[in-house]
Amino acid sequence: GRGSPFRFVLPVAGEETGGGARPRVLLVDGSTSFLAAAAAALREHGLLPEVAHSLAAARERLRTAPVAVVVLSRLLPDGDGFELARDRSGLGSARPVLRARARDERLARGLGAAVVGDDASLDELAAAVARAAAGSAVES
């Protein structure tokens, strides 16, 4: 016969806690104050934030350990954060969430990423990241 089909869903880039896996999120922004505030908001939503202040730091972090979601700002000290979203090979299995000004939202959506307005509240950002993380299971 053909046997029985099986479906496996594996969590991506999380840390086990008493309540289950907590997805890791990489925040990439040139503003230290924004990174601190956003990281606090993500922790409140049950996520494990890590921060990078540049594209180079983000690329290095993504090479060394996977994350479920990468939140990218457009303007970074060493380039355009959208470039990392364009280069899907650099993201690994991470889902991109792009912080975009209204004029850049169409471009951001064209990259196949979730988009959060640059002026969104930290709670709105955290909710968008949590939605992206919930959809980051790898199926095979």
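Is A100 buried or exposed? A100 counts as buried, at 1% relative accessibility. Buried means under 20% relative accessible area, exposed over 50%, and partly exposed in between, using a 1.4 Å probe and protein chains only.

Before I go on: this is a predicted model, where local features need pLDDT of at least 70 and side-chain atom pairs count only at pLDDT 80 or more, while totals for chains, interfaces and linings use all residues. Residues are numbered from 1 along each chain as its sequence is written, and side-chain values use heavy atoms, with hydrogens and water left out.

Back to A100. This residue lies in strand β8; helices (H or I, at least four residues) and strands (E, at least two) are DSSP runs, numbered from the N terminus. The C-alpha atoms of A100 and V116 are separated by 6.3 Å, and the two residues are 16 apart along the chain.

D104 sits in the loop between β8 (95-100) and α5 (105-110). D104 is buried because its relative accessible area is 10%. Its side chain makes a polar contact with the side chain of R74 at 3.1 Å. A polar contact is a pair of N or O atoms within 3.5 Å; within protein, one must be able to donate a hydrogen and the other to accept it, and residues adjacent in sequence count only if both atoms are side-chain atoms.

D29 is in the loop between β3 (20-28) and α1 (32-44). D29 is also buried, at 8%, and its side chain reaches the backbone nitrogen of S31 at 2.7 Å.

D119, in the loop between β9 (114-117) and α6 (122-134), is exposed, with a relative accessible area of 74%.
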